Each structure stands twice: as structure tokens, then as C-alpha cells.
Amino acid sequence: MALPFLCARHKQHVLCQPEQALIDIETAQLSGEALFKQYQFAQALPHLGSALESVTLLTQMHNYADKTQLIQITSLTERLYATLYFLGEKHAAHNALAQSISLLYDLFYCDDKLSDFVFSCIAQLKKLALQHPQHLTEH
């Protein structure tokens, strides 16, 4: 992740209790989305970041993602990117985007059945990156 959102204890919780982690991810995502929509970006950041880091951990642990997790990775990355961008953390925003794209590329080669869907997620995130090229936003 661009920023570490989960402490060691919470990472362990995600890895040891993946079923509960899925519920926690959804709760964090919903909380982060609600705060984001209220323009409370600083308050939304830990919710969105921990949800993305958790789903990333689960995906990396199994080296597999289903469509739901791919959608979560993509939507959480987009929202985290926007949140960090609005907070003036453009470098961290671009790092989060690059790391999620890298993860999706790893998943692209793991499951032929979802490769088209994974590729569409990658394209969606790359489009976002092209809207705010890092070299134009850093001063």
C-alpha cells in the first residue's frame, strides 16, 4: 500500500479470519464511501485504506480474486486515489494506484476465466492515472 493502514494485529486478523475480514472490508468500504460523499476526506481515508489493504492481503494470500474482490480492489483504489488527491497527497495517490495495477496484473496471469474482467479493471485504473499524470501534479 501507499500508506500502511493496518497494524500487525489487524493484518493477522485478516489472514486468520478471512470470512470475518470480508464483512469488515464491506463495513469499512461503506463507512469510507459515506464520509467521502460528505467531503470528509481525512475521516474517510483510514476506512478506505484499511478496506483496500485487507482485500489486497486476502487476494495475495490466495493468489486469486473473484469478481467481487476485483470490483472492490478497483472501486476502493479509485476512491482512495481521489481521497488522497483531495488531501494533497498526490504521490501517495499515485503509489496506491500503481500498486493496485501491479496486483491486478499479477492476478491477470493467475486465472484465465477472469482475465478479460481483470484487464478491464486495469484499463479503468490506467484511465484514472492518465487523468492526473504524476509529473504534472507534482510541484
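**Salt bridges and surroundings**

The structure holds two salt bridges, a salt bridge being a side-chain nitrogen of Lys or Arg within 4 Å of a carboxyl oxygen of Asp or Glu. This is a predicted model, in which local features need pLDDT of at least 70 and side-chain atom pairs count only at pLDDT 80 or more, while totals for chains, interfaces and linings use all residues. Residues are numbered from 1 along each chain as its sequence is written, and side-chain values use heavy atoms, with hydrogens and water left out.

Helices are DSSP runs (H or I, at least four residues) numbered from the N terminus. Buried means under 20% relative accessible area, exposed means over 50%, and partly exposed lies in between (1.4 Å probe, protein chains only).

**The two charged pairs**

- Side chains of opposite charge can pair when their charged atoms come close.
- Glu 53 forms a salt bridge with Lys 11, and the closest N and O atoms of this pair are 3.7 Å apart.
- Because Glu 53 lies in helix 3 and Lys 11 in helix 1, the pair ties together parts that are 42 residues apart in sequence.
- Glu 53 counts as buried, at 7% relative accessibility, whereas Lys 11 is partly exposed, with a relative accessible area of 32%.
- Arg 79 forms a salt bridge with Glu 33, with the closest N and O atoms 2.9 Å apart.
- This second pair links distant parts of the chain, since Arg 79 is in helix 4 and Glu 33 is in helix 2, 46 residues apart.
- Arg 79 is partly exposed, with a relative accessible area of 23%, while Glu 33 counts as buried at 15% relative accessibility.

- The 20 residues of helix 2 (residues 18-37) should span 28 Å at 1.5 Å a residue, and the end C-alpha atoms are 28 Å apart, which agrees; the expected span is 1.5 Å times one less than the number of residues.
- The buried residues of helix 2 are Pro 18, Ala 21, Ile 25, Ala 28, Gln 29, Gly 32, Glu 33, Leu 35 and Phe 36.
- Seen down the axis of helix 2, these buried residues fall within an arc of 160 degrees, so they line one face of the helix; the arc is that of the directions from the helix axis to the C-beta atoms.
- The face of helix 2 turned away from its buried side carries the exposed residues Glu 19, Leu 30 and Lys 37.
- What covers the buried residues of helix 2 includes helix 1 (8-16), helix 3 (41-62) and helix 4 (67-86), where contact means heavy atoms within 4.5 Å.
- Tyr 39 is found in the loop between helix 2 and helix 3, and its phi is near 60 degrees, a positive value in a residue other than glycine.
- Tyr 39 is exposed, with a relative accessible area of 65%.

**The largest nonpolar core**

- A nonpolar core is a set of buried Ala, Val, Leu, Ile, Met, Phe, Trp, Tyr and Cys residues joined through side-chain atoms within 4.5 Å.
- Of the 39 residues in the largest nonpolar core, Leu 70, Ile 73, Leu 80, Leu 84, Leu 104 and Leu 107 touch the most other members.
- The elements that give two or more residues to this core are helix 2, helix 3, helix 4, helix 5 (90-108) and helix 6 (115-131), and helix 3 gives the most, with nine residues.
- Leaving aside residues up to four places away in sequence, Leu 70 touches Ala 65, Leu 104, Leu 107, Leu 114, Phe 117, Val 118 and Cys 121.

- Thr 56 lies in helix 3 and is buried, with a relative accessible area of 12%.
- A polar atom of the side chain of Thr 56 lies 2.8 Å from the backbone oxygen of Leu 52.
- Gln 124 lies in helix 6 and counts as partly exposed, at 37% relative accessibility.
- Gln 124 touches Thr 74 and Glu 78, not counting residues up to four places away in sequence.
- The C-alpha atoms of Gln 124 and Thr 74 are separated by 7.9 Å, although the two residues are 50 residues apart along the chain.
- Gly 88 has its place in the loop between helix 4 and helix 5 and is partly exposed, with a relative accessible area of 45%.
- The C-alpha atoms of Gly 88 and Ser 31, 57 residues apart along the chain, are separated by 21 Å.

Terms used. Polar contact = N/O pair within 3.5 Å; in protein donor to acceptor, adjacent residues only side chain to side chain.
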